[in-house]
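The following exercises are to be worked with the sequence and the coordinates at hand. Each task is followed by a solution in steps.

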Amino acid sequence: MQALQNIQHFLKGVKMDNQTAALLTGVACAVGSVVVLVKKISSHRKAEEKIMRAKSRREESLQRAEQAVLRYKESHPTTDSFFILALSLSELTKQLKEGSLTPEDVFYSYMEKTLALNKKLNCCTEVLLESLDQLKTVGSNKDGLLYGVPVSIKENVAFKDHDCSCGVIINLDQPVEKDSVLVQVLKKQGAIPFVKTNLPQALLSYDCSNPIYGQTVNPHNPQKTSGGSSGGEGALIGGGGSLLGIGTDIGGSIRIPASFCGICGFKPTAGRLRWVSFMSSSAGPMARDVDSLALCMQALLCDHMFSLDPTVPPLPFNMEIYRSSRPLRIGYLENDGYTQPSPSMARGVREVKALLEQAGHTFVPYCPLKMNEIVPELWLRGLLADGTTSLLQKLKGGPVDPCLKPQVFEYRLPKWLKKIISFLLKPVSPRTSARISALCGVGSVPELWKQHAAVEVLPADDAWSRMKA
């Protein structure tokens, strides 16, 4: 009883009037606001410092490469760069193996072209200066199918001691510890990875821009985009600064920039070159012509690849089948039932179909099943299964590129608000409603397993019903 009286006495001593309480509350709020503001300013400053360091590294690499090119040109004034740059990949590899061209002449011809092109297109994130050292020892891989060939690689392809930022600031200053399997195999085949190329922030746009390295433009019209997400590769190869590059593709990220920049690109079957997720992402070659893509696949699908990565099926590229003129039965479509092509794209499909039919091949119309349900539920909801949480964490602490702002605005909406908007839009715009709903993610681990299973059985007629079961 005495203890209770003591507590009451203490509380009476600390009582304050309403005005004092309001004042203290205001001070606490002001202090909290200042703390939040200071944290934001500090985060912004750190992001700016990271960007400046990345730009400085790029500028230094470009300058050192430029100096190396000047030194080589002074000591080799008779090098015919115009002739070298005009050769196809098959012609170039033939002359390199025969010895009528040296890897040095080829390397510095392409380096000079790349440096000039980058000033116009902003397609490179940095020069891989290690290539200057590799050039001195490339003769040890003279039997490789790509001996002496300078190869460009997309920025997200791992190269030892360099960042794979994906255009995201939080990933800067974290150089990878070793080359990716693809880079290791390229080197074993005699290729010389010499430059990394630009991409959109988080690889989530068909444009090619990020807050670190800026906007890449189209080599044929600088007022247009080079496409994405392998837009730096498309621009560099389309402009003649590289004749072979490595991109990545999940929903057109090789094929779109290849189309925009007037080159060829190939997305291999998921798992063929290791770059795999349940969403069937894949690495693949980009080049000026189809034969170059085939040669690159032949070089990559070798015993060295299979020994480095046991998850890759040990199936070499079958050049006999590639060169065969045996009539084929080919499924085709002009649109997927969800996204309409431009008139020129539809016309292109019809023209190719007509030419191949004249060559004796059979074409069968193909219509994907239930695309209005598959796109939002299997593709988008699966791609953003955690409701965009991980993506937003990656973008935290730095600016969002203008090409991403509209979609990131939607991602940042609270989950409850997304659900309300989806419900309200369902009667008037079912497709928009389904897309907004998909941004909420799968909701639970069991639902995620269902998601994976549905993707795996997608070719089956009952894929959708299995996912809903």
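**Exercise 1.** Which side chain meets that of Lys 73 in a salt bridge, and what is the N to O distance?

*Solution.* The model is a predicted one. Step one: the partner is Glu 112, with 2.7 Å from N to O. Step two: the pair links distant parts of the chain, since Lys 73 lies in helix H2 and Glu 112 in helix H5, 39 residues apart. Step three: both ends are partly exposed, Lys 73 at 42% relative accessibility and Glu 112 at 28%.

**Exercise 2.** Identify the parts of the chain that the salt bridge between Glu 66 and Lys 119 ties together.

*Solution.* Step one: the side chains of Glu 66 and Lys 119 meet at 3.5 Å, N to O. Step two: Glu 66 belongs to helix H2 (residues 18-75) and Lys 119 to helix H5 (residues 103-121), so the bridge ties together parts 53 residues apart in sequence. Step three: Glu 66 is partly exposed at 33% relative accessibility, whereas Lys 119 is exposed at 64%.

**Exercise 3.** Contrast this with the salt bridge between Lys 94 and Glu 98.

*Solution.* Step one: the N to O distance is 2.7 Å. Step two: Lys 94 and Glu 98 are both in helix H4 (residues 89-98); because they are 4 residues apart there, about one helical turn separates them. Step three: Glu 98 is exposed, with a relative accessible area of 53%.

**Exercise 4.** Which residues make the nonpolar surface patch of about 510 Å²?

*Solution.* Step one: the patch is made by Trp 416, Ile 420, Phe 423 and Leu 424. Step two: Trp 416 is located in helix H17 (residues 415-425). Step three: Trp 416 is exposed, with 57% relative accessible area.

**Exercise 5.** Decide where the coordinates call for caution.

*Solution.* Step one: the chain averages a pLDDT of 90, and 88% of the residues score at least 70. Step two: over residues 461-469, pLDDT stays under 50. Step three: where pLDDT is low, the predicted coordinates should not be read in detail.

Terms used. Residues are numbered from 1 along each chain as its sequence is written. This is a predicted model: local features need pLDDT of at least 70, side-chain atom pairs count only at pLDDT 80 or more; totals for chains, interfaces and linings use all residues. Side-chain values use heavy atoms; hydrogens and water are left out. pLDDT is the predictor's confidence in each residue, from 0 to 100. Contact means heavy atoms within 4.5 Å. Patches are made of residues with over 30% relative accessible area and no salt bridge: like charges are joined within 9 Å, nonpolar side chains (Val, Leu, Ile, Met, Phe, Trp, Tyr) within 5 Å. Accessible areas come from the Shrake-Rupley method with a 1.4 Å probe; for residues, only the protein chains shown count as cover. A salt bridge is a side-chain nitrogen of Lys or Arg within 4 Å of a carboxyl oxygen of Asp or Glu. Helices (H or I, at least four residues) and strands (E, at least two) are DSSP runs, numbered from the N terminus. Buried means under 20% relative accessible area, exposed over 50%, partly exposed in between (1.4 Å probe, protein chains only).
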